[in-house]
Structure formats: C-alpha cells, structure tokens
Amino acid sequence: MITAGIDCGAKNVKVVILNDGKVASKATAPAGIDTASAAEKAYDDALKAAGCGREAVVKIIATGSGKNEPRFKNDIVTEVGADARGIHFTSPNVRTVIDVGAEEGRAIKVDENGKVVDFAVNEKCAAGAGAFTEAMARALEIPLEEFGPFSLTSTQEVPMNAQCAVFAESEVVSLVHRKIPKQDIARAIHNAIADRITSMVRMVGITPEVALIGGVANNVGFVVSLKEDLELDLMIPEDREYIGAIGAACIAAGSQ
Amino acid sequence: MKANYGYKDGSGDFFITVDTDLCNGCGDCTTACPAGVLELVENGYDIDAETPIAAVMKEHSKKIKYSCMPCKPAAGYAIADLPCVKACSPGAMEHSW
Amino acid sequence: MAEVQKGKEYWRWTESRWTSPDMDWKSGGIISAGVDVGSVSTQAVVMVDGKLYCYANMRTGSDSPESANNAMKWALEGTGLSRDKIHATVGTGYGRVNVPFATKAITEIACHARGGNFMYGPQVRTILDMGGQDCKAIRCDEKGKVTAFLMNDKCAAGTGRGMEVFSDLLGVHINDVGAMSLQVAEEPPPVSSTCVVFAKSEASGLLRQGWPKEKVLAAYCSAMAHRIVTLLERIGVEKEFAITGGISKNVGVVSRLSKELSVTPLKTDLDPQIAGAIGGALFAKALYEKKGK
C-alpha cells in the first residue's frame with residue numbers, strides 16, 4: 001500500500017511517500033507565497049523518485065501550518081499528531097519530541113505507542129522559532145548556514161535582553177556598534193532561543209529519550225545551546241525535517 | 001491600583017496582576033516563587049505610599065510566559081494552585097493565563 | 001537643530017521644541033523640570049510654578065545620560081535659563097535612572113498619568129501611550145493618580161518600532177504613513193499576523209500580489225489599532241480617553257482605533273509625546289515643595 005504525507009511548513013513543503021511501511025521517497029520545495037503550487041511540485045518530485053504515479057497512492061494526508069493548501073490531499077492531521085506518529089516510526093524509544101520550525105516551536109510528550117500525552121506550542125511569535133535566528137543572522141550579516149558554527153567560536157558571554165525578534169534586531173545592532181565581537185553576539189542569540197525552547201520542554205516534562213527535529217535542528221549553534229540548557233543529550237534523527245511528513249504518511253496508511 | 005506586569009504578543013496574553021490596594025508588602029510571594037520572578041519594590045505609583053509592593057522583576061516581565069512555565073504543566077492547572085497565588089494571604093495576585 | 005532629511009531614513013520623525021511666548025522664568029516661581037528618556041525619543045520639559053514654560057522632543061541617542069543632557073540643552077536654548085537655576089528635576093522613562101541631573105527617578109506610568117491629567121484636564125480617565133518601543137495603558141482618577149495600568153514592552157507589535165519596520169519596507173516616511181493609509185476606497189482586511197516579523201512577510205506577499213502601498217498600510221494600521229483595542233480590554237476604557245506618544249500622531253491608527261472603541265480621543269495643542277516629561281516636572285515641583293515644608 002502506498003500513502004503520502006505532506007508537511008506544509010512556513011518555509012518548506014516536505015513530502016514523504018510510504019510504501020508498505022517503508023519510506024519510498026522524500027522531496028522538498030520552498031513554500032514561497034504559493035504553498036499549493038509548492039506542494040504540487042514536491043509531491044510530483046517525490047512520486048517520480050518513488051517511481052509511481054498519482055493513481056497508485058491510496059491516501060494523502062497533509063499537516064503543517066499550510067495543511068489546508070494542497071488541492072490533492074484527502075485529509076489533514078495536526079502537526080503535533082504527525083510529529084508524534086513520525087517519531088514513533090523512526091525512533092520508537094523517544095518520549096519527548098522538540099520540534100523547532102521556521103515559525104513555530106513545539107514540545108511533545110509521546111508514549112510507547114506514539115500517542116500524544118502532552119504538548120506545548122509556541123506559535124505566532126517569531127521569538128520562539130527559527131524566524132528569530134534567521135532575522136538575527138540577517139542583522140549580523142552572516143549567512144544562515146554559517147550562523148551556528150560561527151557562534152561556537154565565541155569566547156565570552158554577552159547578555160541579550162530583548163524578547164522580541166524586532167527589538168532583538170535593534171539590540172544586536174547596538175551591540176555591534178559597541179564593538180562586541182559578532183561571534184559572541186551570535187552565541188547570545190542561540191542561547192536566548194534555546195532558553196525559550198527549554199522552558200517549553202520543561203512545561204511538558206523531560207522524559208528521555210529526547211529528540212530534536214525541524215529545520216532548526218540543522219543549526220549546530222542552537223543544538224549546543226539547547227543541550228547545555230537541558231543538561232542532556234539530544235537525539236537528532238537523520239530525517240529531522242521529514243518527521244511530520246512521515247507521521248502524516250503513517251497515519252494515512254494506518255487509517256486505510 | 002491594579003498593576004499588570006507582562007505582555008501580549010502573537011502567542012497570547014501573559015499578565016500577572018498585583019492589586020496594590022490589597023498587597024501588604026509581606027513578600028511571601030517572592031519567597032514562594034521557585035523561579036524568582038517576584039520582588040518587593042517601592043510603590044512608585046503613589047508617592048505618598050509607605051509600604052513596598054510586590055512586582056514582577058524587570059528581567060522577567062518580558063518573558064513571564066517562559067519564566068512561569070515550570071509552574072504551569074501543559075496538561076492543565078488551577079491558577080489558585082500557583083505557589084505565588086497560594087502564598088498571597090490578602091489575595092492580591094492574579095495570573096491571566 | 002532641525003535635522004536635515006537624510007537618504008532613506010523613512011523612520012526619522014520630526015523633532016520639536018517650544019517656548020512659551022508670554023512667560024518669564026525670572027518671575028521668581030518654582031522652576032521644575034521633567035526629563036523622559038525613552039528608548040526612541042527623549043523629552044525635556046521645564047515648568048515655572050506648574051505652568052509649561054518650554055520643552056524639547058528629540059530622538060534618543062546611543063547613550064541615555066547624553067540624550068538627557070542634549071534634550072535639556074535644546075529645551076533651554078534661547079531662554080537664558082540654565083540648568084543650575086532649576087529647583088528640582090525628575091527623570092522618567094526607560095532611561096530614568098540615567099538622567100545625571102535628576103533629583104529623583106519616577107516610573108513613567110505615574111508620570112504619564114500626572115502629565116495626561118495636566119495636558120487633557122482632570123476629566124481624563126484612560127491614557128493610552130503608544131511609544132517607540134512600548135505601549136502603556138493607564139487608568140487614572142481626577143487627580144492624575146494611577147488606578148490601573150499595563151505596559152507592553154516585550155513585543156514590537158503595536159509600538160512605533162513596528163510601524164518603522166513598515167515604513168522602511170514600503171519606503172514611506174513615518175510622518176506620512178497614517179494619512180496614506182486612509183487613501184483607500186475600501187478598508188482591506190487587517191494584516192492577520194500580530195508578530196511584526198510575520199506581519200512583514202505577510203505584507204511582502206501582499207505587495208507581490210500587486211496591492212498598492214496605501215492598501216498595505218491600511219491593512220497594517222487597522223491591525224495595529226485592533227491589537228491596541230484588545231490590549232486595552234485588560235484595564236477597560238473609561239471616558240475621557242486620550243492618546244499620547246509618537247503613534248498618536250499617526251492619523252491612520254488613531255482614526256481606526258477611535259472607530260473600533262467608539263470614543264473620540266481628547267485633543268491637545270501640545271506635542272503629545274511630552275506627557276511623561278510634564279508629569280515628571282509636576283512631580284519635581286511637588287517634591288521641591290515637600291522638601292521646603
């Protein structure tokens with residue numbers, strides 16, 4: 001049986017094709033301003049990679065903030081439900097999932113069956129999501145992909161007071177004016193966002209094993225800060241950006 | 001006077017309200033709060049006032065959603081059970097969320 | 001002093017100063033001052049016997065003490081009055097503890113209520129101060145004493161900073177944003193994101209869809225007005241109502257706000273950004289009199 005999971009994130013659309021309990025293919029496309037078209041493109045790419053046509057897919061479930069956009073979906077599931085199911089599929093020992101995406105941060109407690117026990121979400125505020133690091137990288141004029149590694153070269157701690165991405169941008173500019181080394185500012189930025197995510201994880205409780213997923217899991221600077229804050233090791237699955245899509249595809253298979 | 005400390009942002013309303021007419025400046029809330037969010041300050045809203053009042057510390061007022069999270073398990077809680085609210089005998093403390 | 005308009009500084013609002021045409025500080029009364037050092041603007045007000053004598057309103061520099069000094073220097077310019085002749089000074093605002101010549105620092109909430117009472121009269125019960133990096137809602141009694149307040153300085157939405165982001169994005173001068181936002185035949189739906197970062201991406205999307213600048217500004221001004229209205233719900237709005245701070249000069253936000261609240265804000269001939277500094281000067285006078293007794 002072939003099913004598909006479409007995770008329409010704020011920044012990227014991720015598609016997973018699942019064939020008889022195995023991931024057959026994955027594809028991604030930038031969401032842009034037209035999520036529906038982006039989903040269409042990523043879906044076609046994934047089908048091509050899996051070597052099957054649209055008619056072979058029995059059910060398509062969408063998730064993510066733009067889950068209502070894809071025209072070809074059969075159903076939708078919540079991001080929390082998709083993450084929980086997805087992590088159970090890839091890493092069944094995980095009990096706490098931390099998902100930090102471009103515009104949302106989530107902490108989810110899951111049981112041994114991949115069911116959601118508890119969750120906390122930060123949404124609609126850039127301070128608790130990837131958009132924060134992105135805006136700060138721009139303010140410091142450092143390419144996003146270099147931002148994390150760069151922050152690890154910091155040698156001293158500097159305080160960051162702003163809790164809003166817009167105010168933090170002004171704060172960053174004034175720190176630069178005061179000749180504070182950029183790597184130290186970068187470190188402070190990663191610590192600030194890790195601090196907010198940690199509080200959210202504390203709200204659901206920290207039960208090992210703890211997995212970190214979502215696009216921001218690619219940022220090594222954030223990962224280091226979060227590990228320090230949580231005082232434990234984090235499991236980062238290889239498919240960290242596809243967990244939601246995998247979960248949606250699994251739910252599609254399970255409901256058939 | 002009702003002093004509202006906290007903020008409203010895209011994710012919601014997060015305010016701790018101290019009724020300064022009820023607050024007696026005992027400071028029990030400041031010791032009860034496990035996150036060290038509260039402090040006693042001079043009553044700057046009434047230049048004739050003689051007793052201090054409880055207030056949310058400046059460094060926490062912009063992040064109380066996060067500072068207060070450990071006291072607010074995700075699976076629901078009662079505001080009356082919060083350590084600061086419980087510790088306040090005159091009933092001057094309220095949480096909006 | 002009036003700054004020359006530089007290149008692309010759309011956020012650069014107009015600074016101002018004023019001296020009473022018919023008062024003389026040499027009259028022998030109590031000379032008191034209030035300095036409100038905000039994160040974006042700094043005001044210095046000098047009063048003689050509780051009457052407004054002169055004021056200056058300028059952009060805050062990188063250093064609070066220097067900004068306080070500069071604002072005071074500008075306020076006193078051409079008056080013949082010097083700082084050492086002022087009997088008492090109160091510092092207020094975000095940088096209130098950094099006013100080097102202040103007798104005392106008092107919270108901006110208390111100063112705004114007191115200043116609002118002076119500017120708009122004792123009938124004012126609700127003061128909304130929309131500043132550069134915060135938004136304050138204050139309820140007060142007929143004496144200008146605070147009865148409830150809230151201050152939102154965590155989030156840029158609903159602050160001047162948020163509006164600056166939009167004026168930059170659209171390349172429209174901050175002074176023109178409000179009037180331009182009213183040049184729409186029909187009110188568009190408000191920008192749906194509260195967070196300025198997300199609202200900015202939403203607006204970029206609207207521009208790409210071909211929305212004219214006026215329509216995007218209308219959508220943002222109305223989102224901001226709505227946000228302030230929901231913020232005000234926490235303390236409640238009682239008449240009379242007054243708006244101070246930089247955004248009170250934005251007719252696009254003020255008119256939408258008044259419509260949604262169904263109240264007409266009180267008017268003043270003074271610069272609405274000086275309310276806090278006036279309150280400070282009035283408190284300084286009270287402190288000086290108290291000390292004298």
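**View 1. The two domains of chain A.** Chain A is divided into domain 1 (1-91 + 239-256) and domain 2 (93-236), with bounds taken from an automatic or database domain assignment. This is a predicted model, in which local features need pLDDT of at least 70 and side-chain atom pairs count only at pLDDT 80 or more, while totals for chains, interfaces and linings use all residues. Residues are numbered from 1 along each chain as its sequence is written, and chains are lettered from A and ligands numbered from 1 in the order in which they are written. The C-alpha centres of domain 1 and domain 2 of chain A are 26 Å apart.

**View 2. Where domain 1 of chain A touches domain 2 of chain A.** Here 16 residues of domain 1 are in contact with 22 residues of domain 2; contact means that the C-beta atoms, placed from the backbone, lie within 7 Å. On the domain 1 side, helix α2 (residues 79-90) gives the most, with 8 residues. Helices (H or I, at least four residues) and strands (E, at least two) are DSSP runs, numbered from the N terminus.

**View 3. The open sheet of chain A.** Its 5 strands follow the order β3-β2-β1-β4-β5, with mixed pairing; two strands pair if DSSP finds at least two bridges between them. At the edges are β3 (22-30) and β5 (75-76), each of which pairs on one side only. Strands β1 (residues 2-8) and β4 (residues 57-63) run parallel and are joined by 6 bridges. Within β4(A), A62(A) is the bridge partner of I6(A).

Note on methods. Contact = placed C-beta atoms within 7 Å.
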